[in-house]
Structures are given as structure tokens and as C-alpha cells.
Amino acid sequence: MLRDIFQKKRKYATLPKEKHVNTAPSVEKTQVPEGLMVKCPKCGAISYSRELTKNLKVCHQCDHHYAMNAFERVSALLDDGQFFEYDNDLRSDDPLSFPDYLNKLESDHQKTGLSEAVVTGEGTIKGFPVVIGVMDSRFRMGSMGSVVGEKIARAIERAIEKNYPVIIFSASGGARMQEGVLSLMQMAKTSAALAKLHKAGGLFISVMTNPTTGGVSASFASLGDYNFAEPGALIGFAGRRIIEQTIRQKLPDDFQTAEFLLKKGQLDKVIHRKEMRNVLGNIVSLHSVKEGI
Amino acid sequence: MAGELPFEKPLVELQSKIEELRKFTEEKQIDLSDEIVKLECKAKELAEEIYGNLTPWQRVQMARHPERPTTLDLIKDLCTDFVELHGDRLFGDDSAIVGGVARFNGIPVTVIGHQKGKDTKENIARNFGMPHPEGYRKALRLMQQADKFNRPIICFINTQGAYPGMAAEERGQSEAIARNLREMASFGVPIISIVIGEGGSGGALALGVGNRILMMENSIYSVISPEGAAALLWKDSGQAQRAAESLKITAQDLNELGIIDEIIAEPLGGAHRNYALAVQEMRKSIEKNLTELRNLNSDELVEDRYDKFKAMGKYNLLSEIS
Ligand SMILES: [Zn+2]
């Protein structure tokens with residue numbers, strides 16, 4: 001009896017074998033062409049892009065975290081980089097017949113190989129199955145339109161069915177303006193899905209990466225049981241320029257950085273990219289059933 | 001006509017001409033009644049033409065009209081026994097959001113809304129209806145109270161947006177809005193959200209996760225202000241008119257997009273011209289929707305809200321496109 005009480009009610013099953021499809025999201029492998037050198041925007045240090053990729057795209061000199069694309073993120077995080085992707089057949093519509101929107105989608109698709117600004121699916125971390133969503137800021141600045149909202153909501157629904165934890169890496173400029181109010185409503189849709197997960201006792205870990213702002217920051221990204229961020233990530237509701245115009249004063253340089261928000265009590269922890277897999281694995285394991293007391 | 005808008009000018013001129021003729025008739029004892037009747041007829045036609053064909057930008061101006069009924073005006077006229085309640089119990093009392101308990105047609109309800117001012121002084125006191133996190137947290141507290149005591153919730157939406165300020169960010173504007181979205185989705189009581197003026201972005205949606213979403217005829221609801229969109233898209237906030245058209249933000253647009261459930265008719269020329277008529281229409285609409293929702297039990301209400309928002313969005317399957 002006592003043991004029952006102390007045990008967590010949730011049990012994470014292992015991932016069925018047939019699900020181990022070794023695909024990573026349909027993304028080109030690196031952001032920087034191989035063999036080229038990259039200059040750190042923060043300290044100016046020069047790195048070989050191949051070295052940089054090996055170093056999880058963290059500057060060897062100043063720890064600056066370069067943007068990671070969805071594929072790199074998934075590979076760095078999941079066991080053996082194995083990933084089963086969900087819903088990669090969803091495509092944006094042009095509900096408002098917004099000037100130039102379809103062209104912009106097509107051109108981002110060509111540039112990135114992505115079909116939308118988020119990739120969702122499942123895999124394991126340290127042996128624990130998880131549902132994972134990774135936003136990619138190269139596609140429409142990671143903005144949330146109908147497809148992003150729908151993919152995230154569906155991923156959460158699957159996590160509820162399967163009793164898996166959900167981990168979402170956000171990287172977003174906010175709402176997808178070209179989808180107007182439909183884009184706004186994705187904030188409610190994703191949050192409502194998290195309400196269901198919450199009620200079911202499911203675990204949601206939000207990891208905010210650079211940048212997480214606007215409608216994404218003001219919906220699912222802030223609703224984690226754990227709200228984490230990467231070092232130096234810009235996180236906030238309103239844009240810096242708009243705030244400066246409104247209050248007519250200059251903002252401190254570190255305003256809206258992960259470190260600033262940590263100090264203000266808005267985050268649980270800022271996690272270095274090299275520690276990410278360990279910390280997430282640890283949290284997920286703390287939430288899973290272990291041999292009892 | 002006080003507070004007239006630019007596009008109302010021809011009507012205003014005609015009406016003042018009619019007024020002149022009336023005075024003339026009285027003072028000079030000359031009968032101009034034929035002429036007056038003719039002009040009145042013309043004025044009526046002109047009014048119908050103007051108000052019947054408002055452009056999106058003209059709707060924006062109507063939605064922002066300083067004399068439009070505010071949340072407190074509507075609560076006063078729709079409800080009895082209103083007791084305003086204050087504070088978020090954490091930081092302070094945000095006057096940009098008001099709320100409390102009241103009766104609607106005798107039924108105890110919780111009413112909450114953004115509160116704009118009617119003049120500069122009041123607007124400064126109300127921060128132009130742009131809430132800080134404590135405003136959203138007050139709203140959440142009142143909604144949780146409603147949920148506990150099984151009272152329906154009526155939300156009035158009227159804000160340009162959540163306040164973009166330093167303190168607001170430091171105190172977690174994003175988290176406050178996000179939490180409201182999630183919690184509203186989970187309450188087991190009927191929620192009706194009504195856009196009464198401007199529905200600006202996440203700051204509006206934080207009161208908007210209702211079983212029913214209604215919009216007044218001359219209100220707008222948008223992911224970004226037309227000015228903001230113009231600045232982003234065309235680097236020119238002067239293009240707001242164009243943005244208002246592209247973004248599809250009027251009650252009529254949202255009705256067509258299937259986002260809202262109902263448009264609440266306004267008196268000719270806008271709600272600010274006749275509060276009583278505006279309130280009468282709103283009362284009818286709330287009555288009807290509340291009656292329907294009160295037939296659902298708490299699980300059904302939560303499910304109804306989930307299905308409603310889950311269905312929002314437009315996308316295609318790859319197989320359907322190619
Ligand atoms: Zn560096």
C-alpha cells in the first residue's frame with residue numbers, strides 16, 4: 001500500500017520497435033555549408049563549421065549558442081538520433097488570400113527543406129519515450145500559423161493517449177501574421193491541448209530557445225511544468241522596439257534574455273546546450289516509475 | 001453629432017442643414033416643412049448608405065470611438081447587483097481590467113472585461129485598457145471563483161493589446177496570458193466572450209477562450225493592430241488602412257471565417273449613439289447563448305470549448321494538394 005502511494009502514477013512504456021524509423025525531419029543537415037568558417041557574432045572567434053556542429057553549435061570561446069535547426073536539435077537530443085515524425089503531411093493554406101503568403105511559404109520550404117516551422121514526433125531520451133516538438137526559426141521566423149498550432153495540439157493529444165511526456169523546443173517570432181486571427185487562435189488551441197494534458201497528469205517540459213516571443217511565448221511555451229531556456233535566448237511578449245517606443249526609454253542590454261528572466265523569477269533554469277540531454281533525461285526519469293522504496 | 005468620424009461628415013452637414021431650416025421655420029414663420037421632409041428622407045438614405053457599407057478601416061474607427069460603451073457601462077445596463085472585486089492577491093490591482101459578481105436576468109454571473117477610459121484623464125488611469133500581468137491574474141482569480149461556485153462567466157473584450165512595458169515583461173506578461181488560456185479551457189462553467197470594441201492580439205484572447213465568441217457589429221478582432229501590421233509588412237504604419245483590409249478583422253470577416261458564433265447588431269451609426277438599443281441586442285444574444293450553454297454539464301462545457309478551438313485553423317493534407 002505504502003509503496004503504491006509513493007509511486008508515481010504514470011508509467012512510461014518503452015517505444016515499440018516498429019516505431020523506430022530512423023528518419024529525422026526532412027531538413028538539410030547543416031545550416032552552414034561544410035568546410036566553411038563561421039565567425040561568432042558575439043566574440044568574433046572563428047570556427048570551422050564542422051567543428052561547430054560537433055560542438056552542438058556552441059562557440060568554443062564564449063559559449064554563444066548558435067541557432068540549431070530542427071534536425072540538429074533532434075539528433076543532439078534523442079537516443080541515437082532516432083525519431084518517428086508525426087504529421088509531416090500538413091501544409092499551410094492561405095485562408096486570407098494574403099498578398100505573397102504562398103510564395104513566401106514556398107521559398108522557405110526551398111531554403112530549409114522544412115514543410116513548416118515545427119517538427120513533431122517521438123523518440124527516446126535515455127531510454128524514456130517522449131513526444132517532442134522542435135520549432136525551426138528559419139521557416140517564417142518560426143511563426144505560429146494553423147499548421148504549427150495543429151501539429152503541436154496533435155502531438156500533445158498523442159502524448160495523452162500514450163502517457164508520454166511532452167518536450168517542446170520553442171523558437172519563434174510569434175504569430176503568423178498572414179493567417180490573421182486564425183493564427184491568434186492557435187494560442188488558444190495549443191493551450192487548450194495542454195489543459196487536457198495537465199488534467200491527465202501528464203508532464204510538459206518547455207525549452208525556450210532564441211528567440212521565443214509574442215504568441216508562442218504567451219501560450220504553450222510558458223505553460224511547462226518546467227520552463228527552461230538556453231543561455232542568451234531572447235524571451236518575451238512584446239518586441240524590444242515596441243517597448244522602447246511605448247515607455248520612451250532605452251532598455252538595458254540584457255532585458256528579455258534568459259538570464260534576466262531567471263533573475264526575475266520567470267524561469268526554472270537556464271540550461272547549457274551541452275547539459276540539455278542530461279537535464280531533460282533526468283527530469284523525465286524523475287517522473288517515471290522506478291523500483292520503489 | 002458629437003465625436004463624429006471623418007466618413008460621417010456628409011451626413012453631419014446634411015443634418016445641420018436640416019436643423020438650420022427648422023430654426024428658420026420657427027423664427028421667421030415660413031413653412032419649410034416640405035423641404036425638411038425631403039432632406040430628412042435624404043439624410044436617412046445617406047445614413048444607410050454610409051453605415052451599410054463601412055470599410056474595414058471605418059469599422060476600426062467605430063470600434064475605437066471614445067464614446068463607445070465600455071465594459072462598466074455594459075455591466076451596469078445588462079446586470080443588477082454588481083459588486084466590483086479588486087486585485088490579484090499577488091502584486092496589485094490593475095484598473096485596465098475590471099470584474100466582479102452580478103446578476104444577469106436574475107442568474108448569478110461573474111463579469112470581467114478590459115476597461116478603457118472615455119477621456120484622457122480616465123484613459124491614463126486605466127492605462128488605455130492595456131493590462132499588466134496583474135490584470136490577467138485578477139481575471140483568472142475571478143474566473144476560478146466563478147468555477148468554484150458554478151457561476152457562468154461573461155467576458156467583455158476591449159483592448160488594443162496587453163501593455164508592452166518593462167514591468168509587464170518582468171512580471172511575466174506572457175505567462176499571465178498563457179495561464180489564462182489554459183485555465184479558461186478547463187473551467188466547467190459556461191463562458192461567453194464578447195468583443196465590444198477592439199480585440200487586440202493575445203491581450204484580448206486572454207479573456208477570449210469562451211464556449212461562445214460574440215462580436216458587436218462594429219468591433220474588430222485581430223492578431224496584430226492594423227498599424228503594427230503595416231509597420232512590419234510595409235515599414236509604414238500609414239498603411240494601416242490597407243492592413244485592416246488584408247488582415248480580415250471585422251465582425252463580418254470573422255463570422256465568415258467561422259471563428260465567431262454571432263454578430264450582435266448595433267443601432268445605426270454605432271453603439272455609442274444609443275446605448276439602450278445596443279444593450280437590448282446584447283441582452284438578447286447573451287440570453288440565448290447562456291440558455292443553450294446551461295443545458296451542458298461541466299464536462300460537456302470543457303469538451304465543447306476544446307472542440308471549438310481545436311477546429312480553428314486552416315490547413316491541407318499534402319495528398320489533397322498534389
Ligand atoms: Zn563566441
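The site of the zinc ion is tetrahedral, with angles of 106 to 114 degrees among its four donor atoms. Tetrahedral here means four donors with all angles between 85 and 135 degrees. This is a predicted model, where local features need pLDDT of at least 70, side-chain atom pairs count only at pLDDT 80 or more, and totals for chains, interfaces and linings use all residues. Residues are numbered from 1 along each chain as its sequence is written, chains are lettered from A and ligands numbered from 1 in the order in which they are written, and side-chain values use heavy atoms, with hydrogens and water left out.

Which residues hold the zinc ion? The protein donors are the SG atoms of Cys40(A), Cys43(A), Cys59(A) and Cys62(A), 2.3 to 2.4 Å from the ion. A donor is an N, O or S atom within 2.8 Å of the metal, or 3.2 Å for Na, K and Ca; water is not among the atoms, so sites may look incomplete. The spacing in sequence reads C-x2-C-x15-C-x2-C. Cys40(A) sits in the loop between β1 (37–39) and β2 (46–48) of chain A, and Cys62(A) in the loop between α2 (49–54) and α3 (70–77), so the pair ties together parts 22 residues apart in sequence. Helices and strands are DSSP runs: H or I of at least four residues for helices, E of at least two for strands, numbered from the N terminus.

Buried or exposed? Cys40(A) is buried, at 3% relative accessibility. Cys62(A) is partly exposed, at 21%. The cut-offs: buried is under 20% relative accessible area, exposed over 50%, partly exposed in between, with a 1.4 Å probe and protein chains only.

Now chain A as a whole. It has ten helices and eleven strands. Of its 293 residues, 57% are buried. Take the contacts in chain A with a separation of 6 or more: residues 24 or more positions apart account for 71% of them. Contact means heavy atoms within 4.5 Å.

Next, helix α4(A). It has twelve residues and reaches 17 Å from first C-alpha to last, close to the 16 Å expected at 1.5 Å a residue. That expected span is 1.5 Å times one less than the number of residues. Which residues of α4(A) are buried? They are Tyr101(A), Leu105(A), Asp108(A) and Thr112(A). They cover an arc of only 65 degrees around the axis, which puts them on the same side of α4(A). The arc is that of the directions from the helix axis to the C-beta atoms. The cover over these buried residues includes β4 of chain A. The face turned away carries the exposed residues Asn103(A), Gln110(A) and Lys111(A). Just after the helix, Gly113(A) takes a positive phi of about 75 degrees.

Ser97(A) is exposed, at 60%. Its C-alpha is 8.5 Å from that of Gln178(A), 81 residues away in sequence.

On to the cores. A nonpolar core is a set of buried Ala, Val, Leu, Ile, Met, Phe, Trp, Tyr and Cys residues joined through side-chain atoms within 4.5 Å. The largest has 130 residues; Leu280(A) and Tyr221(B) touch the most other members. Helix α6 (residues 180–199) of chain A gives the most to this core, with eleven residues. Apart from it lies another core of 25 residues, including Ile75(B) and Phe104(B).

Last, Gln173(B), in helix α8 (residues 173–186) of chain B. Gln173(B) is buried, at 1%. Leaving out residues up to four places away in sequence, its contacts include Phe237(A), Pro131(B) and Tyr163(B).

Conventions. Tetrahedral: all angles 85-135°; square planar, octahedral: opposite > 155°, others 65-115°.
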